Each structure stands twice: as structure tokens, then as C-alpha cells.
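Hi everyone, thanks for coming. Please have a look at the model on the screen, and then we'll walk through a few spots together.

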Amino acid sequence: MPKNKGFTLIELLVVIAIIAILAAILFPVFAQAREAAKKTQCLNNTKQIALAVVMYNTDNDERYPAWAALSAPVNGGNTSFVSPDIQILPYIKSVNIFTCPDDATPRMPATSVPFNDGNYRKMALRRSYQYVGNIHTREANGFDANTGVTTYIGPTTWLYSGRTDSDIDESANTVSWLEVWPVDQNDPYVGGIWGSGFIDCDTYKLAGRKVGTGPAPPGCTNWLNRKPTPGHNGTLTNTAFCDGHSKGLTWGKLRENDFAMFKAKKSATVFVP
């Protein structure tokens, strides 16, 4: 009778080595595929947000949402300021689109963040996107009232008003929302007013910006050494535009010509970084 023959030690080691080689080849591919899927989902989120803003605009006499709109607190809320994500919520299927799948950055306790609607404090949903207001530029030599789809109407009140369609020169080339994950002490939640607006010197947060490199916009003295958003592959920011489309952009593209994509009225002046 023939004897059953098993694997020799050498044969077993060869099989193990082949499996290890295949794993080393395939695991990075799987990781890249997962990251690509998350990036696509995040881009789809910004697309839905962009379209929600367009629909809001249509129903609101062609005026964009205001950042920090005023309304009495509800459900145990602790501020009268209403974040822009809540304002466009009727045009969105799910609040989950405000969270990028890649964004797992820890937040401070939601109980420490001002919410107009106390129910959103209980949900503590991560928000990975910010609504564009006034930022600092070289052209304005600091705070630029010509930037953002919502603009400051102070000085005695902490209020912003939404611009109208006629205020925007090129809707297809003007940013309304963009992807910003928490950096430094920025701790945004869906429904919370903190971190809902991309304002002042917040351009330091854009993915792909190298820490310590400049020039910083005038008036942003602490800008250079602050940490940017991780973004996708360390370089891309998913960006929503006023005409309803979205796309992933690099730091270089977003800061191009003195942050031209953030300006309501486009300037003829060309700024070289």
C-alpha cells in the first residue's frame, strides 16, 4: 500500500513565502482602493452640499445662507447663532453627508460647544466641511470684505449676511464650502457654530500647505506654523462651488492668485505667490 505523503518543511516554507509576497503586494493595493473610495464619498458629500446651497439660494430670493444667522434656541440650545449646515438641512437627505469618511480626528466634548438646537449636541456628529466667509488676502492687505459667499455686517454684532447671486462674478469659479478637518483647537460638530465658518486666517487649514512656508496673508501672524488639515493623500481638499459642482483641489490651486476662488468680485490684478 502506498504511504500518504505530506508537505516537507521546505515545501511549507515556500508556500508561506509565496503567501507573504502576495500579501505584501496586495495589501497596499487594498488600502489604496479603500482610500480612493473614501475620497470619492467625500467628494460626493461636497457635491450634495453644493447643490443644497443652490436650492436654498433659489428659494431665498437668490441669497446665500448667512453664517451665524440669528434664531431663538430650541431643544435646550445655548446660543442664538444658527450654523449654515442647519440652514441648508431641508435640502439634504441625511446629516451624515457633513462627515468625511476619512475624518476620524478627536473632538472636545460636544457639551462645551455652542448649539442653537440642543438635539444636535446630543448627537455629536462630526462636521468635516466649512462655509466660506471673509478671509485675509494680500489685495486687501488683511481682512477682505470681497471674499466669501457670506460677509461680515458688524461691527457691533457678530453677524454675517449671505451674498446674492448678483454679488458673485463667476459662480463656477467661486468656493462656497470646502473640506476642513479639525486642526489645533478647531472642534466642529454638525449644528455647532464653532468651526462652521471658514473665515479670517483659516486658509492655514487647507490640505497640502507646508508648515513654516509662506508668505502668510497680511494680518495672519500665527499662520505659518499652524497645522493644516490632513486632506486626501496629504494634498487634496474637496471643494464645493456656487454653481453646484465640486472637485478636489490642491493647496497651490486654492491659493492661486491671492485666493482668487474665494473672491466675490474677481480682480484684474495678478498676484504671484
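What volume does the largest cavity have? The answer is about 70 Å³. A cavity here is a set of points on a 1 Å grid over the protein atoms alone, where a 1.4 Å probe fits but cannot get out; the volume is the space filled by probe spheres set on the points, which are joined across faces, edges and corners.

Before going on, a word on the source: this is a predicted model, where local features need pLDDT of at least 70 and side-chain atom pairs count only at pLDDT 80 or more, while totals for chains, interfaces and linings use all residues. Residues are numbered from 1 along each chain as its sequence is written, and side-chain values use heavy atoms, with hydrogens and water left out.

Back to our cavity. Its lining includes Thr137, Arg138 and Phe259; lining residues have an atom within 4 Å of a point.

Now the cysteines. There is 1 disulfide, meaning a pair of cysteine sulfur atoms within 2.5 Å. Cys201 and Cys220 form this link, with their sulfurs 2.0 Å apart. Cys220 is buried at 5% relative accessible area, and Cys201 is buried too, at 19%. Buried means under 20%, exposed over 50%, and partly exposed in between, using a 1.4 Å probe and protein chains only.

What about Cys100? Cys100 is in no disulfide, and the nearest cysteine sulfur, that of Cys42, is 3.0 Å away. Cys100 is also buried, at 1% relative accessibility.

Note on methods:
On a 1 Å grid over the protein atoms alone, a cavity is a set of points where a 1.4 Å probe fits but cannot get out, and a pocket is an open set with protein on both sides within 12 Å along at least five of seven lines; lining residues have an atom within 4 Å of a point.
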